[in-house]
Amino acid sequence: PAAVNTIFGRGYLQQVEDDLAQADVPMRPGEFILLRFVLAGFGMVLSLFLMPDLHNNSLMVVRTGSFAAIGYLIPGISVRYQRYKRRNKFVSQLADALMLLTNSLRSGYGFLKGLELVAKEMGDPISKELNRMLREVNLGATIDQAMLNLGRRVNSDDLDIIISAYLIQKDVGGNLTEIMEKVAEISEEHTS
């Protein structure tokens with residue numbers, strides 16, 4: 001980690017970890033960085049095999065460097081695309097999930113039981129993220145911390161509003177069902 005922080009700057013590993021979590025790529029940051037360098041090396045070797053007869057050294061260096069850069073960039077682009085696609089799908093499921101949560105709260109379920117119901121009834125990615133959040137709570141994290149971790153992983157403004165509404169309601173008080181209904185209406189208007 002010290003060498004990576006020296007080369008890429010402090011916080012780089014945490015950023016890579018967040019990006020991988022948001023894209024739901026089951027890799028550790030070190031593995032991802034290694035993959036990028038391996039693909040860069042593969043790109044260099046590939047460029048030498050594709051056009052080995054170039055006698056112009058500067059052209060060969062440019063071509064080899066270009067192939068290496070492409071190899072290095074492909075995993076990052078792929079993760080960024082997966083992140084974007086997954087976040088959009090999560091946001092599109094959010095209004096339905098909120099309505100389901102609100103209905104479960106209205107019928108007497110507690111907040112965590114309501115989230116369990118949403119996780120069971122909804123599809124991926126919202127079910128996977130909620131199950132991960134609930135697992136954190138079962139392992140000893142507070143609901144607040146688990147929700148903030150969820151917000152960090154998903155990185156959605158709509159979800160941040162929901163989390164903020166829950167945290168404020170918890171501190172100030174009020175009817176959680178009514179608050180979630182209002183947030184669901186706002187979220188539904190925002191996504192349509």
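Is R86 buried or exposed? R86 counts as buried, since its relative accessibility is 10%. Keep in mind that this is a predicted model.

R86 takes part in a salt bridge with D124, with 4.0 Å between the closest N and O atoms. D124 sits in the loop between α5 and α6, while R86 belongs to helix α4, residues 57-106, so the bridge links parts of the chain 38 residues apart.

Helix α5 covers residues 111-121 and helix α6 covers residues 126-138; they pack at about 145°, and their axes are 8 Å apart. On the α5 side the contact involves L112, L115, E116, V118 and A119. On the α6 side there are S127, L130, N131, M133, L134 and V137. By type, these contact residues are eight nonpolar, two polar and one charged. The crossing is left-handed.

Two of these residues deserve a word. S127, in helix α6, is buried, at 11% relative accessibility. E116 is partly exposed at 36%, and forms a salt bridge with K113, at 3.4 Å between the closest N and O atoms. Those two are three residues apart in helix α5, so about one helical turn separates them.

Last, D24 and K128. Their side chains form a salt bridge, 2.8 Å from N to O. D24 is in the loop between α2 and α3, and K128 is in helix α6, so this pair ties together parts 104 residues apart in sequence.

In total the structure holds 11 salt bridges. Shared partners join D24, R86, D124, K128, E129, E136 and R153 into one network.

Note on methods:
Residues numbered from 1 in each chain as written. Predicted model: local features only at pLDDT ≥ 70, side-chain atom pairs only at ≥ 80, totals over all residues. Heavy atoms only, no water. Axes fitted to C-alpha atoms, helices over the stretch in contact; angles between N-to-C directions. Helix = DSSP H or I, 4+ residues; strand = E, 2+ residues; numbered from the N terminus. Left-handed = near helix turned anticlockwise from the far one by under 90°. Contact = heavy atoms within 4.5 Å. Nonpolar A, V, L, I, M, F, W, Y, C, P; charged D, E, K, R; others polar. Buried < 20%, exposed > 50% of the residue type's maximum accessible area, 1.4 Å probe, protein only.
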